[in-house]
Amino acid sequence: MIRTFTSALAALAALTALPASADTLVDNVDGVTIGEDGAVQRFTGIVFDDEGRITQVLERGDARPTDIDFAMDGEGKVMLPGLIDAHVHVLQIGFGALTLDLSDTSSLEDALAKVKQFAEENPGRPWILGRGWNQEKWGLGRFPTAAELDSVVSDRPVWLNRVDGHAGWANSAAITLAGVDADTPDPEGGRIIRSADGEATGVFVDAAENYINAVVPAPRPKDRDAALAMSQRILLENGITAVADMGTSIENWQTFRRAGDLGQLKVRIMSYATSPEAMELIGGSGPTPWLYDDKLRLNGIKLYLDGALGSRGATLKQPYEDEPSTSGLPLLRPAQLRNLMSRAALENFQTAIHAIGDAANSDVLMAIEELSDTYTGDRRWRIEHAQIVDPTELERFGKHGVIASMQPLHQTSDRTMAEARLGPDRLGGAYAWRSVLEAGGMLAFGSDAPVEPADVFAGIAVAISRTDENGQPFGGWRAQETVSREQALKAFTADAAFAGFADGRFGRLVPGERADFLLVDRDPMLASPSDIRETRIHEVWVGGERVLAN
């Protein structure tokens, strides 16, 4: 891990090449941004000062300033605002790249072969840790088992998180170390997958994951530093200059602070604490100030109301079509949700609430309506995912400033699985992006990386087409829920910034905001969905500093 840590930090440091000058002109670009009125605006050059703030946006025919210290010819490249991913898990992106990644496996056999190879290549690791498996993608029709893992690694514990993070797969060594047996109860909000005689078969869903997590060695500070360096590298390579970190622990916060203190924090992070205790320990009596030149702020708290569709943890109003014995796993009771939201709102912390199933979304929309009379002002209530909504309740997104923080790539990844889980008659409010906007709500788009790749251009392509990388299904899945190119760009820039209380600081290329921008080879306002996916990023700038050049 030390060698990987050193190389990751060196790679990140190498990205930093050109400091901001007193006044810098970047000219001869095909500039695209979201303007004050929310519409796309065009320009051909920008000027920014030594603090990395934009002072002028120049259109064709405007006189160019002569009293500048540095000028750069954009050579006609397309300039876009730095992209903002409104929902990621920052450290998990890095850890996912530094540990065993099963996201590219297409069968159980592929996964087992990869686990075996990783274990053989890392004989000194006391645990084999990884993520990314998906039994739906494998076409397995069931969860994998501990016995199957034992067949390739039995000499040490193995713990592998499902792609959505809402289930984990353990081998027998890990289960034994955790002390789980037939008498171990299912925790509230969790489920142990069991055999007919009650023994754990290897998969632990939602809150039940804590049985194994409790015995997994915690990452060391240098491991977290390595993960952050790797995560920043991945994000910047994808043109992402700011993110919302959903579930920041105190340990992760301190990792961000160490990077900031050393001048190594390049990606802007809007943090949402993983618990009320972490929220209060980090923020004290309210959200933190912006730190490190608008690089870091704790905004509020991330709450989990239900699980995921893939593990049948998302809470539905009616039972699952493909497993009628369950309607999901509620992680909070209604009173608990309202109490936690009130606890945050009392100190002006923002709440971001994970809700995937229609029952969970109904509950959080109702809670927002109930609490908005008491907690007035600019609250920016966020619902994370909002994947399945009762069509009769979509109009409620237009009330009380609700922000739907949604991930376009989930729609293409989940499409066939959602059809199986819900059946054809319950998809009316599934991944309903256009309906949210038409109701008067706001969209903030993200990826949920590492659940999905941190690939905004793929996200834009999906948002405008409802098709996957192969152009399927033809014409788009429930194509009435596509959004326009302008709306997609806005959701990945200006509105993603607004959702994290960063409006006026970054997210648009306008005077007064930070000079966070990309130079790319094509215009997403004109390119086809397939061409948008192939966008090449030439340069990435954050706060007037070039951090990536290809």
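Modeller: Let us start with burial: a residue counts as buried when its relative accessible area is under 20%. Please keep in mind that this is a predicted model.

Biologist: What makes tyrosine 431 buried or exposed?

Modeller: Tyrosine 431 has a relative accessible area of 1%, and the limit for buried is under 20%, so tyrosine 431 is buried. Tyrosine 431 sits in the loop between α13 (408-422) and α14 (433-438), and its phi is positive, near 50°, although the residue is not a glycine.

Biologist: Why is histidine 385 counted as buried?

Modeller: The relative accessibility of histidine 385 is 3%, which is set against the limit of under 20%, and therefore histidine 385 counts as buried. Histidine 385 belongs to strand β17 (residues 382-385), and this residue, which is not a glycine, has a positive phi of about 90°. Most residues other than glycine have a negative phi.

Biologist: Why is α2 called roughly perpendicular to α8?

Modeller: Helix α2 (residues 90-98) and helix α8 (residues 221-237) pack at an angle of about 95°, and their axes are 7 Å apart. Roughly perpendicular covers angles of 65 to 115 degrees, so α2 is roughly perpendicular to α8. The residues of their contact comprise twelve nonpolar, two polar and two charged ones.

Biologist: How do you know that strands β15 and β16 pair?

Modeller: Pairing requires at least two bridges, and five bridges join strand β15 (residues 296-304) to strand β16 (residues 350-355), so these two strands, which run parallel, count as paired.

Definitions and conventions. Residues are numbered from 1 along each chain as its sequence is written. This is a predicted model: local features need pLDDT of at least 70, side-chain atom pairs count only at pLDDT 80 or more; totals for chains, interfaces and linings use all residues. Side-chain values use heavy atoms; hydrogens and water are left out. Helices (H or I, at least four residues) and strands (E, at least two) are DSSP runs, numbered from the N terminus. Axes are lines fitted to C-alpha atoms, for helices over the stretch in contact, and angles run from 0 to 180 degrees between N-to-C directions. Angles under 35 degrees count as roughly parallel, over 145 as roughly antiparallel, 65 to 115 as roughly perpendicular and the rest as oblique. Ala, Val, Leu, Ile, Met, Phe, Trp, Tyr, Cys and Pro count as nonpolar, Asp, Glu, Lys and Arg as charged, and the others, Gly among them, as polar. Buried means under 20% relative accessible area, exposed over 50%, partly exposed in between (1.4 Å probe, protein chains only).
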